[in-house]
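Here is a short report on a protein model. Take a look at the structure, then read on.

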Amino acid sequence: MDYRKIVSEMISKASDLEIDKIENMIEVPANSELGDYALPCFKLASIYRKAPVLIAQELAGKILPDSHISNIQAVNGYLNFFVNKESFSASVLNEILEKKDRYGDDTVGGEQTVIIESSSPNIAKPFHIGHLCSTIIGQSLYRLYESAGYKVVRINHLGDWGTQFGKLISAYKRWGDDQAIQEEPIKELLRIYVKFHEEAEKNPELEEEARRYFKNLEDGSPEETRLWQWFKDLSLKEFNKLYNRLGVSFDSYNGESFYSDKMDEVVSLLEEKSLLKESDQAKIVDLEPYNMPPCIIVKSDGASIYATRDIAAAIYRKRTYDFYKNIYVVGIPQALHFQQFFKVLELMGCEWSKDCVHVGFAHVRFPDKKLSTRSGNVIYLEDVLDESVNRIKEYMTNTKLDEDMIEPTAEKIGIGAVIFAFLKRSREKEMVFSWEETLNLEGESGPYIHYTYARGLNILRKVEGLEDRPDFSLLKEKVEIAIIQKLSVLQETIAEAISRNEPMVIARYVIELSKLFNSFYNSCKVITEEIKLKTARAKLIEACCIVIKKCLYLLGIETVDAM
RNA sequence: GUGCCUGUAGCUCAGCUGGAUAGAGCAACGGACUUCUAAUCCGUAGGUCGGGGGUUCGAAUCCCUCCAGGCACGCCA
């Protein structure tokens with residue numbers, strides 16, 4: 001039941017305005033006592049050449065209540081609509097109970113393909129907080145788009161190519177310790193990578209040696225290729241441990257190396273269009289007319305560069321997937337790079353460049369530590385997750401769970417806490433990382449929502465002797481009505497999250513729903529009520545649990561049934 | 001220097017395609033566990049929405065300007 005549409009239709013009939021226009025003007029009053037839907041009449045004032053207050057009053061006089069809308073009032077230039085609570089409640093709750101975890105899903109996507117590039121860690125380097133942002137935002141967007149009926153291709157654009165591999169090979173040949181590498185691949189590879197940078201300070205020849213090794217790699221020399229593949233395998237194994245913990249997977253791991261043989265074509269395409277210019281021995285696309293610095297396509301030493309790889313990748317993706325949207329979940333510091341290469345695509349005549357979107361997220365700052373891969377100063381994601389899980393375990397001393405359930409439960413709650421802490425804020429706002437805030441278990445946190453859900457399920461486990469057909473008209477408490485109102489807007493909330501590529505929208509929604517639920521939990525009894533009310537409330541709880549679980553799913557968080 | 005982003009309660013943030021008294025969470029203070037898990041709930045207090053102009057019936061929201069902070073600006077990605 002689409003009440004927004006019903007209201008718009010009523011207004012449309014009473015005025016001579018188009019239904020779509022009205023639908024866009026309709027809003028939900030912040031204060032629910034004012035109504036469930038409202039039409040601000042201020043904009044109509046210029047059309048009708050009348051005072052808004054008068055317009056609202058006249059419209060109110062022309063529109064009659066029906067089975068869905070019980071009352072219409074004109075207040076201060078607003079035309080306020082009150083929905084018939086009984087039919088509204090029944091319509092919303094029955095739909096949820098029937099559709100279950102598919103409630104909120106849509107078909108607007110029409111099976112069109114959306115590509116989401118995210119995570120993209122560098123081989124032989126630690127998986128850090130920045131990669132976590134990209135990974136979980138990408139994961140959430142994947143589930144959001146999927147829910148709206150899009151076909152999604154998740155691409156992990158691995159950083160598996162470039163001069164750093166020359167450095168790594170050089171470092172390995174000098175100081176590599178096979179056994180240490182087998183035991184702790186990333187840490188050991190990082191150790192020798194850092195050592196390389198230290199030594200290179202004193203001995204610049206090392207840089208040259210590294211370039212030579214990378215050249216060999218590009219030329220397909222067996223020894224260098226073997227090492228490169230080995231590093232890559234080890235790294236992926238480590239990354240997959242984390243992906244498993246996070247419940248994340250990908251459809252493609254085609255990283256930078258995959259495009260190493262696809263860049264010549266980009267260069268010749270650019271040459272055909274006469275877009276390339278020589279500048280200091282490098283080949284560039286001049287973007288001066290668009291107020292941007294030039295985009296370097298071929299370096300002065302003839303080697304390729306990331307912009308070229310990204311262009312090659314975009315073209316490859318268009319050909320392979322014929323995407324509707326091509327989304328890059330990459331940090332804001334790279335915003336200019338994306339603007340530049342999207343522009344180059346446009347200049348190349350790829351009209352689909354407009355479908356490429358950079359979904360940026362702000363840098364995560366650390367209060368004291370200066371973090372950099374080269375110096376070896378890093379916070380490992382694994383440590384963050386472990387710390388979170390451990391704190392949850394400490395908290396669980398009073399749990400009634402069986403011993404063997406504590407570990408897996410703490411794992412889910414702990415990881416959910418970290419994910420939620422990152423997704424509850426706008427992705428473009430800089431975040432200062434603090435353990436305290438990330439692992440805060442109270443208030444607007446992951447554990448709060450987990451707890452809410454577990455309490456809901458607990459009632460459902462205990463309640464018995466329900467009637468077959470709930471009478472939802474018995475749900476008359478303010479908080480019950482508010483919950484139903486909140487439940488009713490899931491689909492439009494998902495739509496908003498998609499239009500903004502912003503998982504936070506879902507996070508805020510599920511927090512608000514959880515708050516309402518907890519308020520309800522404290523003021524309304526269920527199990528001890530008489531059968532009719534008990535039934536209606538139990539079904540309300542069931543609907544809440546369905547929607548909370550759905551939202552957590554959309555954020556990439558697993559629920560626990562008890563804690 | 002140029003471009004992009006940010007500035008809302010003591011702290012962390014929502015609200016920003018203009019709309020009805022600016023909302024949460026932490027922290028503070030006061031209450032609620034013999035009754036569905038108190039990781040909860042209820043209440044109190046706390047704001048020149050960075051400053052100043054402008055557009056408008058109406059601005060935290062749009063425009064201009066200034067201030068403060070962050071990021072990015074050719075051969076790393």
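Glu-382 sits in helix H15. Helices here (H or I, at least four residues) and strands (E, at least two) are DSSP runs, numbered from the N terminus. This is a predicted model, in which local features need pLDDT of at least 70, side-chain atom pairs count only at pLDDT 80 or more, and totals for chains, interfaces and linings use all residues. Residues are numbered from 1 along each chain as its sequence is written, and side-chain values use heavy atoms, with hydrogens and water left out.

**A negative patch**

Glu-382 counts as partly exposed, because its relative accessibility is 38%.

Asp-177, Asp-178, Glu-183, Glu-184 and Asp-383 gather with Glu-382 in a patch of negative charge on the surface. Patch residues have over 30% relative accessible area and no salt bridge, and like charges are joined within 9 Å. A salt bridge is a side-chain nitrogen of Lys or Arg within 4 Å of a carboxyl oxygen of Asp or Glu. Which helices supply at least two residues each of the negative patch? They are helix H8 (178-183) and helix H15 (381-395).

**Aromatic pairs**

Now to the rings. Rings of Phe, Tyr and Trp (its six-membered ring) pair if their centres lie within 6.5 Å. Planes under 30 degrees apart count as stacked, over 60 as edge-to-face, and the rest as tilted. The count by this rule is 25 aromatic pairs. Two of them involve Tyr-328.

| Pair | Centre to centre | Angle between planes | Type |
|---|---|---|---|
| Tyr-328 and Phe-338 | 5.1 Å | 45 degrees | tilted |
| Tyr-328 and Phe-341 | 5.8 Å | 85 degrees | edge-to-face |

The Tyr-328 and Phe-338 pair links distant parts of the chain. Tyr-328 is in strand S9 (residues 325-331) and Phe-338 is in helix H14 (residues 335-347), 10 residues apart. Phe-341 also lies in helix H14, so its pair with Tyr-328 ties together parts that are 13 residues apart in sequence.

Tyr-328 has a relative accessible area of 1%. Phe-341 is buried too, at 0%.

Elsewhere, Phe-127, Phe-239, Tyr-243, Phe-250 and Tyr-253 form one aromatic cluster.

**Phe-420**

Phe-420 lies in helix H16 (residues 403-423). Phe-420 is buried, with a relative accessible area of 0%. Its C-alpha atom is separated by 15 Å from that of Val-432, 12 residues apart along the chain.

Technical notes
Chains lettered and ligands numbered in written order. Patch = residues over 30% accessible without salt bridge, like charges linked within 9 Å, V, L, I, M, F, W, Y side chains within 5 Å. Areas by Shrake-Rupley, 256 points an atom, 1.4 Å probe, with all protein chains shown as cover. Lys, Arg positive; Asp, Glu negative; His and termini not counted. Charge placed at Lys NZ, Arg CZ, Asp CG, Glu CD. Buried < 20%, exposed > 50% of the residue type's maximum accessible area, 1.4 Å probe, protein only.
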